[in-house]
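The points take up charge pairs, helix packing and backbone geometry in turn.

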Amino acid sequence: MPHLPAFIATASKPMRGDGEFIAMMAGLMGIGALAIDMMLPALGNIARDLSVTEDNDRQLLVAVYLMASAPGALVFGPLTDRFGRRPILFLILALFALAGLGAAYPPSFEFMLVARGIQGFISAGFSVLATSIVRDRYSGDAMARIMSTVFIVFMLLPVLAPTLGQFVLYFANWHWIFLILTIASVLLAIWVRLRLPETLPVAERIPIDGPSLIKTWRAVIFNRMGSSYMVASGLMIGGLFGFINSAQQLFEVHFRATEIFPYVFAGIAMGVALANFVNSRIVERFGARRVSHTALLAFVVLAAVHWMVHDWLNGLVPFSILMTATISMVGLTGANFGSIAMQPFAHAAGAAAAFQSFGRMLVGAVIGWIIGQAFDGSTGPITLGYFLCGIAALLIVLWAEEGRLFQRRFPPVKAADVMPKSLRE
């Protein structure tokens, strides 16, 4: 790409092993999560400083970010298939840093919602880019293993993020949380410049045009596996988003344990990180379907138990134990569902990943917002939301697999084999 600035077009010392590659992909995906979880301890302070009167309205700072990230994926996916991974990666890192500055110093709550929406829209590119870059280098169960390992490192960030946010509040105001995110995006840009080579050859790049994009999106929609696992994944993370939306209020209003919120939240998130670690070690042995289907069934059972006992077993300790066990199952489904959904799309991986990210995030963000807005001071809406999400995801997976769970399928499916005939022409 001779016309690009040298900063973008070259990488002086490309990485050779998986370790640094996994850490970088986790960092790219994780900075978006940091923008959500790091600010959770500050929601009360932000709401007070910006004169928010309705308690549940503070959740909009999370919900708007998540909802805006859904359409953002549709924009950055085609761009990365057309111009390559590195140029678009530098673009979104720069824009994310600027949006963070806007969120750091908002004149009003409405302005901050706009800034958060812009930041969420831009952050969608991180997930799309990371998934596409991994798909450029791996496929099948190997991709599931790499993605699961990426998720291990990625999930450590939400574990640490609330504590880091609380630590910032001990020494500075909440504005510094967003300033730190801006600095982190700059450091990531430098790391990518020095160590990540372009993974999409020029010969494999796809021009941006409406018919081509619509064809790829239709291919995803009409692909039984791709669309089903996309929606099922969205349902699983919808329950998680519902908890994130209302977690700060839950600990403040119901448990009256605001001071220890960051640490309990970290413990719950650690369960997901450990589940991803286990998945990275077993997925190539047992297969993505066997692992994720087992975890999905366990998720439904755990969520049902938690919902049934939440009225009389509603202390902080039992809630945390059951919530950790339930959310951990998301760590055994997320990377596997995503890998199964992406398997048919080696060609146009960026556009396919973008549409799947759009669908997954849209479903998850809307469901998470509904669960969060239902918060009534108790744990009931959260536990019921998890159970309903699990049942819906199980029914969709059963439909996708024609009622046969735990089947390990080889060899990998090709896009031409699963697209409708009209889309192959």
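Is Glu-401 buried or exposed? At 0% relative accessibility, Glu-401 counts as buried, where buried means under 20% relative accessible area, exposed over 50% and partly exposed in between, with a 1.4 Å probe and protein chains only.

1. Basis of the note. This is a predicted model, in which local features need pLDDT of at least 70 and side-chain atom pairs count only at pLDDT 80 or more, while totals for chains, interfaces and linings use all residues. Residues are numbered from 1 along each chain as its sequence is written, and side-chain values use heavy atoms, with hydrogens and water left out.

2. The salt bridge of Glu-401. The side chains of Arg-289 and Glu-401 meet in a salt bridge with an N to O distance of 2.7 Å, the term standing for a side-chain nitrogen of Lys or Arg within 4 Å of a carboxyl oxygen of Asp or Glu. Arg-289 lies in helix α12 (residues 288-309) and Glu-401 in the loop between α16 (380-400) and α17 (415-418), so the pair ties together parts that are 112 residues apart in sequence. Helices here are DSSP runs (H or I, at least four residues), numbered from the N terminus. Arg-289 also counts as buried, at 13% relative accessibility.

3. Arg-58 counts as buried at 8% relative accessibility, whereas Asp-55 is partly exposed at 46% and Glu-252 is partly exposed at 31%. Through shared partners, salt bridges join Asp-55, Arg-58 and Glu-252 into one network.

4. Packing of α2 and α8. The axes of helix α2 (residues 18-37) and helix α8 (residues 175-195) come within 11 Å and cross at roughly 160 degrees, the axes being lines fitted to C-alpha atoms over the stretch in contact, with angles from 0 to 180 degrees between N-to-C directions. The two helices are therefore roughly antiparallel to each other, a description that applies to angles over 145 degrees. The residues that meet include Gly-27, Leu-28 and Ile-31 in α2 and Leu-188, Trp-191 and Val-192 in α8, where contact means heavy atoms within 4.5 Å.

5. Ala-295 in α12. Ala-295 is found in helix α12 and counts as buried at 2% relative accessibility. Leaving aside its neighbours within four places in sequence, Ala-295 is in contact with Met-329, Leu-332 and Thr-333. Ala-295 and Met-329 are 34 residues apart in sequence and 5.3 Å apart in space, C-alpha to C-alpha.

6. Backbone points to inspect. Most residues other than glycine have a negative phi. Ser-51, in the loop between α3 and α4, has a positive phi near 60 degrees and counts as exposed at 60% relative accessibility. Arg-256, placed in the loop between α10 and α11 (261-286), has a positive phi of about 50 degrees although it is not a glycine, and counts as exposed at 69% relative accessibility.

Conventions: Angles under 35 degrees count as roughly parallel, over 145 as roughly antiparallel, 65 to 115 as roughly perpendicular and the rest as oblique.
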